[in-house]
Amino acid sequence: MKKFRITLKSGHWTEWEAEDIDSVYQKIDLGHRGILPIRGRDAFPINQETVEKVEEIEE
């Protein structure tokens, strides 16, 4: 598995594990994931409209 960083247009980001970048975009297309801030209640949705970039992270 590889690690990917998904950065939103709002500046928030998260890391996901996936086999390849196509798998990451498939998860994004499902549209039911989000980033929940540590001290917040409202999640930032992860979908095609909110994602700024997806990049592979070197370990």
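In what order do the three strands of the open sheet lie, and is their pairing parallel or antiparallel? In this predicted model, the order is β2-β1-β5 and the pairing is antiparallel, where two strands count as paired if DSSP finds at least two bridges between them, and where helices (H or I, at least four residues) and strands (E, at least two) are DSSP runs numbered from the N terminus. The edge strands, each of which pairs on one side only, are β2 (13-18) and β5 (51-57), and the twist from one strand to the next averages 25°, with axes taken as lines fitted to C-alpha atoms, for helices over the stretch in contact, and angles running from 0 to 180 degrees between N-to-C directions.

Residues are numbered from 1 along each chain as its sequence is written, and side-chain values use heavy atoms, with hydrogens and water left out. Because the model is predicted, local features need pLDDT of at least 70 and side-chain atom pairs count only at pLDDT 80 or more, while totals for chains, interfaces and linings use all residues. The pLDDT, which is the predictor's confidence in each residue on a scale from 0 to 100, averages 90 over the protein, and 100% of the residues score at least 70. Confidence is lowest in strand β3 (residues 33-35), at a mean of 84, and highest in β5, at 96.

The secondary structure comes to one helix and five strands, which follow the pattern β-β-α-β-β-β along the sequence. The radius of gyration (taken over C-alpha atoms) is 11 Å, close to the 10 Å that the globule rule (2.2 Å times the number of residues to the power 0.38) gives for 59 residues, so the protein is as compact as a globular protein of that length. The C-alpha atoms fill a box of roughly 30 × 25 × 15 Å along the principal axes.

Within the sheet, strand β1 (residues 2-8) is joined to β2 by six bridges, and six bridges likewise join β1 to β5. On the β2 side, Lys 3 has Glu 17 as its bridge partner and Thr 7 stands opposite Trp 13; the hairpin of these two strands has four residues between them, and in it Gly 11 takes a positive phi near 100°. On the β5 side, Leu 8 is the bridge partner of Val 51. Helix α1 (residues 21-30) lies across β1, β2 and β5, running at about 120° to β2.

Of the 59 residues, 24% count as buried, that is, under 20% relative accessible area, with exposed meaning over 50% and partly exposed in between (1.4 Å probe, protein chains only).

Contacts (heavy atoms within 4.5 Å) can be followed from two residues. Apart from residues up to four places away in sequence, Val 51 touches Ile 6, Thr 7, Leu 8, Lys 9, Ile 28 and Ile 46. Lys 53, in strand β5, is partly exposed, with a relative accessible area of 39%, and, leaving aside its neighbours within four places in sequence, is in contact with Arg 5, Ile 6 and Thr 7.
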